[in-house]
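Hello,

Here is the structure we talked about. Please open it and read the notes below alongside it.

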Amino acid sequence: MTEPVPRMRFGVHSGQQYESYDEMLRLWQCAEELGYDWCSVFDHLRPPMGGPAGPCFEGTTLLSALAASTRRIRCALMVAPVAWRHPAVLAALAATIDHVSDGRVELGIGVGGADLAHTQYGLPRPSRAERSGMLEETAAVLRGLWSGGPVSFAGRHYRLDDAHLRPAPVQARLPLVVGGVSDPVLRTAARYGDVWNSLLAEPDRYRARSARLDRACEEAGRDPARVRRSMTFRALLVEDRAELPRELDRLRRRYPPDSPVWPEYLVFGTPAQCAEALWPYRELGVTDFVLGVRPPVDWRSVTLFADQVVPLLRGRRAAA
């Protein structure tokens with residue numbers, strides 16, 4: 001029997017490099033009104049994209065406030081670097097926000113990327129190999145504590161002795177998102193994850209990464225279909241292609257040619273072009289499409305994606 005195709009989800013990854021909370025709150029509430037399924041912030045303290053003095057709210061407290069100010073949309077932290085906190089602290093944070101949101105939180109973890117906080121604040125940065133080991137142990141501790149415990153755990157990096165977490169999360173299985181593409185990350189996603197998230201990649205490269213996750217799931221004795229595939233990307237959308245040169249010029253004035261933001265863009269064009277560009281990834285198994293947004297918010301792209309791209313993708317799936 002053919003397995004049912006998982007329901008597609010569409011989201012906004014807002015980040016938090018804004019000058020005011022009101023701007024973020026407006027974006028999240030607008031995303032909810034537009035029918036998006038998901039909104040997320042990240043867990044950097046000093047992300048390089050904003051420069052050494054750029055604004056950035058703290059992720060977990062911000063997520064709790066935004067969760068309390070929305071009613072339906074899934075609320076996610078994507079992703080928390082494992083070197084920031086002991087996993088028991090992270091488990092308690094997520095469980096608390098799950099209660100604040102009435103069971104709508106999803107927690108992402110990863111090995112951590114570039115963050116100026118390591119130099120500005122003097123925060124330790126373990127080696128990549130150490131962080132990969134911490135990721136696996138963090139996932140195991142989160143799963144254990146969220147299940148109600150008590151949990152005893154003896155790893156290389158963390159130790160728990162008859163540990164409890166009360167109250168437990170509202171959700172019977174709080175979704176764990178694992179972000180990244182290295183083999184240790186994929187092994188952790190295969191063993192513990194509900195969602196695997198990666199950034200935009202060419203379809204052939206994405207196919208190879210997804211196949212590696214499938215193999216990791218099989219080695220872990222887990223059905224690969226149990227792990228949702230999530231991809232974060234950016235798009236500049238216009239209703240009329242005649243508007244595109246002007247909008248591209250605005251974008252070029254905002255970001256220099258060597259900015260790391262450019263490879264994150266999937267398409268510069270119309271909603272129909274965006275849907276066509278995304279469809280190959282749906283055929284490769286992507287279930288969650290997450291539109292990356294940075295300030296100043298491109299409200300037109302956010303609205304066009306929800307109003308026109310999402311129906312095109314859902315309709316094509318229904319017609320397939």
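Strand 7 covers residues 176-179. L176 and V178 point one way from it, V177 and G179 the other, and all are buried. Buried means under 20% relative accessible area, exposed over 50%, and partly exposed in between (1.4 Å probe, protein chains only). Helices (H or I, at least four residues) and strands (E, at least two) are DSSP runs, numbered from the N terminus.

This is a predicted model: local features need pLDDT of at least 70, side-chain atom pairs count only at pLDDT 80 or more, and totals for chains, interfaces and linings use all residues. Residues are numbered from 1 along each chain as its sequence is written, and side-chain values use heavy atoms, without hydrogens and water.

Now the neighbours of strand 7. Strand 4 (residues 105-110) pairs with strand 7 in the parallel sense, over three bridges. Two strands pair if DSSP finds at least two bridges between them. G108 stands opposite V177. Strand 8 (residues 195-199) also pairs with strand 7 in the parallel sense, over three bridges. There, V195 is the bridge partner of V177. From strand 7 the chain crosses through helix 6 (residues 183-192) to strand 8, and this β-α-β crossover is right-handed. That term means a clockwise path from the first strand over the helix to the second, with the strands pointing away from the viewer.

Last, a side chain over a ring. R26 lies over the face of W299, at 4.0 Å from the ring centre. The rule: NZ of Lys or CZ of Arg within 6 Å of the ring centre and within 35 degrees of the ring normal.

Best wishes
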